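Keep the sequence and the 3D view open while reading.

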Amino acid sequence: MAKRWVSLSLFLIIFLAMVVSHSADGPLPGIFILGDSTADVGTNTLLPQSKVRSDFPYNGIDFPHSRPTGRFSNGFNTADFLAKFIGFRRSPPPFLSILRHESSLSKRFLRGINFASAGSGILDTTGQTLGIITLGAQIQHFTTVHSNLTAAIGAEETAKFLSKSLFFISTGSNDIIYYFQSNNRTVPKEEFIQNLVDAYENHLRTLFNLGARKFGIISVPPIGCCPSLRTLDPSDGCLEEMNDYATFFYTTIEALLQRLSSEYQGMKYSLGNAYEMTMNVINNPIAFNFTDVKCACCGGGKLNAESFCVKPAAALCSDRDEYLFWDMFHPTKQACKLAAFTLYTGEPRFVSPINFSQLAMDN
């Protein structure tokens, strides 16, 4: 096991050196990130009314200076690592934080923005009572960015810049979780997922019409295997019915992206199969140096997943790099790093028709 992990670590070091070399060859593309808590880097901490937040310890215990930043992680999340792999020193900041620096808005926008808001979903009804920013509202915020860029550098340069930029979207899990938690589950699985994908299509068309051309889409992971949901199973197993929704979502979104890319000239995409990526780790934990893929590192109760990760009441694991899950729903920093690496360099089994690295370099 040690040899396999050393080999993976050595490969990662070599890969990062290549990334730094590549980024020095030319300007980096802009990165625009939309979605939910898997990509939120502090948006909800800037929303006083938000009921979905993580700007308190033990969150951020492995972030520089052990600072809770609003990321649902013990450190960096997948959005952070993707930005680093592309060549950025720092992940794009939350849109709301940029508004405080009006004098340099356009310059900051050229590096990219993170719009993601924890608790949001594809449907605007998802999380609407939680004081979050829906995906539709996130796209409206991008419309503001588009207008500012056009005013600063002109329509032609804005179109050129956005055509080379990367649009990463990680969403869909909350829609399925909220549906299962509702008391009105009368809509058949196929119809519910199709409703989600129809809404997703409208969002993607809006972004394309605003100039987006390169989409990195992260599908829904096996949410039925999250520690919080495992606690509902007498044997601590995954909730397979919920996982069935995740797999059906993937096949439906895959068909949508194939159709849109044939319809829209210039559209390119990479679809990350988060379900397959995560199940590969759950089924082969030792290969990735994980010793626990069921329990939350931080929390309380059964599987350490029946209460929130709040200091000092929460129980905190000491070997955080060996846990797949940080809290009742979210991955650890180490798991996020592995996910980003797989998205960026992975084979077609995990990310297709091209990986995020090929998407970034495809001009």
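The questions below cover helix packing, strand pairing and aromatic rings.

This is a predicted model, in which local features need pLDDT of at least 70, side-chain atom pairs count only at pLDDT 80 or more, and totals for chains, interfaces and linings use all residues. Residues are numbered from 1 along each chain as its sequence is written, and side-chain values use heavy atoms, with hydrogens and water left out.

Q: At what angle do helix α5 and helix α8 pack, and is that roughly parallel or roughly antiparallel?
A: Helices (H or I, at least four residues) and strands (E, at least two) are DSSP runs, numbered from the N terminus. Axes are lines fitted to C-alpha atoms, for helices over the stretch in contact, and angles run from 0 to 180 degrees between N-to-C directions. Angles under 35 degrees count as roughly parallel, over 145 as roughly antiparallel, 65 to 115 as roughly perpendicular and the rest as oblique. Helix α5 (residues 135–153) and helix α8 (residues 189–209) have axes 11 Å apart and an angle of about 0°, so α5 is roughly parallel to α8.

Q: Which residues of α8 meet α5?
A: Contact means heavy atoms within 4.5 Å. From α5 come Leu135, Gly136, Ile139 and Phe142. Their partners in α8 are His203, Thr206 and Leu207.

Q: How many residues of strand β1 are buried?
A: Buried means under 20% relative accessible area, exposed over 50%, partly exposed in between (1.4 Å probe, protein chains only). Ile31, Ile33 and Gly35 are buried on one side, Phe32 and Leu34 on the other. For β1 (residues 31–35), the count is five of five.

Q: How many bridges join β1 to strand β3?
A: Two strands pair if DSSP finds at least two bridges between them. Ile31 stands opposite Leu166 in β3. The strands β1 and β3 (residues 166–170) run parallel, and the bridges number five.

Q: What kind of aromatic pair do Phe85 and Phe341 form?
A: Rings of Phe, Tyr and Trp (its six-membered ring) pair if their centres lie within 6.5 Å; planes under 30 degrees apart count as stacked, over 60 as edge-to-face and the rest as tilted. By this rule there are 19 aromatic pairs. Phe85 and Phe341 lie 6.0 Å centre to centre with 65° between the planes, making the pair edge-to-face.

Q: How many residues apart in sequence are Phe85 and Phe341?
A: Phe85 is buried at 2% relative accessibility, and Phe341 is buried at 8%. Phe85 sits in helix α2 (residues 78–86) and Phe341 in helix α12 (residues 333–345), so the pair ties together parts whose separation is 256 residues.
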